[in-house]
Amino acid sequence: MPSETHDTADIALHDKLRRDPHRPVYHFVPQSNWMNDPNGLIQWNGVYHMFYQYNPHGAFHGTIHWGHATSRDLVHWEHQPVALAPTPGGPDADGCWSGCAVDDNGTPTLIYTGVHGKAQRPCLATSTDDLLTWQKYAGNPIIAAPPDPAMTDFRDHWVWREDGMWHMIIGSSINGVGTVLLYRSHNLRVWECLGPLHTATAEQEPLYTGQIWECPQLLFFDQQAALVISVWDRHRLLYTAAMVGTYQNHRFTPESIERLDYGDKHFYAPQTLIEPGGRKLMWGWIQEGRPEQAQRDAGWSGVMSLPRVVSMHPDGVLSLTPAPELQALRQSRTHLDNIDLARGSMHSLEVHGDALEIIVEAELEATATFGLVVRRSPGGEEQTVIGYDAAAKRLFLDRHQASCDDDTALDVQGGELVLHVGEPLRLHVFLDRSVIEVFANERACLTSRVYPTRADSNGLALVAEGGAARVTTMDVWWMAAIA
């Protein structure tokens, strides 16, 4: 039976988390402690299952388990017991790292990265009770070692069926550059290496593709395929990229490469759930933007992104849009239209909040920079600007004044967004306390974190610089909490 001291500590932590002004209310977060990559996304008997990297011992990356949550509507999530824990002396003794879930002829099966010392090897587990408890395969690991002993990074598994066989890709590196290795199997337990699916090349510059490719996925769209990778480097920012191209004869040939999200590390290690009808839903890990000690002190770290629908534009560009199920969280709405902004002007709105959904459509002069200002204090001491520079054709999020706490991330994030002739700017923004997810014209995404220090930093405004802008329509919804 838990001790009275333990119960008191749990109550105190729960109360602290409930009062934390930075903890989101409609994004999924564990009850406490550390979370990173989404794992094992699967729909089983009408229930969505989300597994995730989890440290039950604190708000830091420690001995990693698989956390577990379930949902019937993609919006409200129920916490489940830990699904996988390291086995002392086993191939996963030092961590159960990222992997995926598949339906093996009616048996739910997890393939995950077991870590023991420096060794990273794929392991397998199955369930017989609707994914609530898991039995590890006695023959783990299912691949004894990578094909080259120099490949110390050999992790993050993505599995699919092709030509009557299982195929699996694994993230790794060759000679210090990212690569994805391809395997195949008849039974998920004995695997044959088919060599690299694709390895980084100089032609992929100027988009730097790092030292290791983590969390690879191969997604199929009619005649095209997309290889999604999370780019890891010891010295540079992390980010997620997608290469669009063709998959033939067990090799992937890219025709283009793009950033999936301009928020750098704040949308990382995504994984996609493919529904029985074919719809693709992607989640990513939204990392923190404050020091490690601040995360430990808060008692939690890491947020799961909102579900994003993945599709392919006719021009061969991946599109990520918010899942329509999120509209169930909308409460009261404020509608505005025809707001004219002269060059160098700011228009403060009579709308306040830190858990909002916002849709803005605006027409800009060719020299204008337009901004939606969120988390603004009355005097502007704190504010974050979500904007578009029409001349530079650039979507951006300016955090220079996001917080009076200089230890949090204070910078500008952004990337290219080219609007077609006559196309208005359309920003679809989800603000959830410290989390911001931006979807622009169904072609660009930007995810970020902000940590205002003032309780009154909850205002909204519109701003134009360098030219005039006209907001033709704007809707703001207050969003319901999911717990």
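How many aromatic pairs does the structure hold? I get 14, counting rings of Phe, Tyr and Trp (its six-membered ring) with centres within 6.5 Å; planes under 30 degrees apart are stacked, over 60 edge-to-face, the rest tilted.

Ground rules before going on: this is a predicted model, where local features need pLDDT of at least 70, side-chain atom pairs count only at pLDDT 80 or more, and totals for chains, interfaces and linings use all residues. Residues are numbered from 1 along each chain as its sequence is written, and side-chain values use heavy atoms, with hydrogens and water left out.

**Rings**

I looked up Trp77 and Trp283: ring centres 6.3 Å apart and planes at 80° make the pair edge-to-face. Trp77 is in the loop between β3 (65-71) and β4 (78-84) while Trp283 is in strand β18 (residues 280-286), so this pair ties together parts 206 residues apart in sequence. (Strands are DSSP E runs of at least two residues, numbered from the N terminus.) Both Trp77 and Trp283 are buried, meaning under 20% relative accessible area, with exposed over 50% and partly exposed in between (1.4 Å probe, protein chains only). I also noted one aromatic cluster formed by Phe28, Tyr52, Tyr54, Trp77 and Trp283.

Next I checked charges over rings (NZ of Lys or CZ of Arg within 6 Å of the ring centre and within 35 degrees of the ring normal). Arg330 lies over the face of Trp477, 3.7 Å from the ring centre. The charged end of Arg23 sits over the Trp300 ring, 5.4 Å from its centre.

**Cysteines**

My search of the whole structure for disulfides (cysteine sulfur pairs within 2.5 Å) came back with zero. For Cys100, the nearest cysteine sulfur is that of Cys215, 11 Å away. Cys100 counts as buried because its relative accessibility is 4%.

Then I ran cavities: on a 1 Å grid over the protein atoms alone, sets of points where a 1.4 Å probe fits but cannot get out, with lining residues having an atom within 4 Å of a point. The search finds two of 30 Å³ or more, volume being the space filled by probe spheres set on points joined across faces, edges and corners.

The largest cavity is about 70 Å³. It has 14 lining residues, with Phe28, Leu74, Trp77, Leu306 and Pro307 closest to its centre.

The second largest cavity holds about 60 Å³. Of its 13 lining residues, the closest to the centre are His157, Cys215, Pro216, Pro270 and Gln271.

Terms used
1 Å grid on protein atoms, 1.4 Å probe; cavity = no way out; pocket = protein on both sides within 12 Å on 5 of 7 lines; lining within 4 Å. Helix = DSSP H or I, 4+ residues; strand = E, 2+ residues; numbered from the N terminus.
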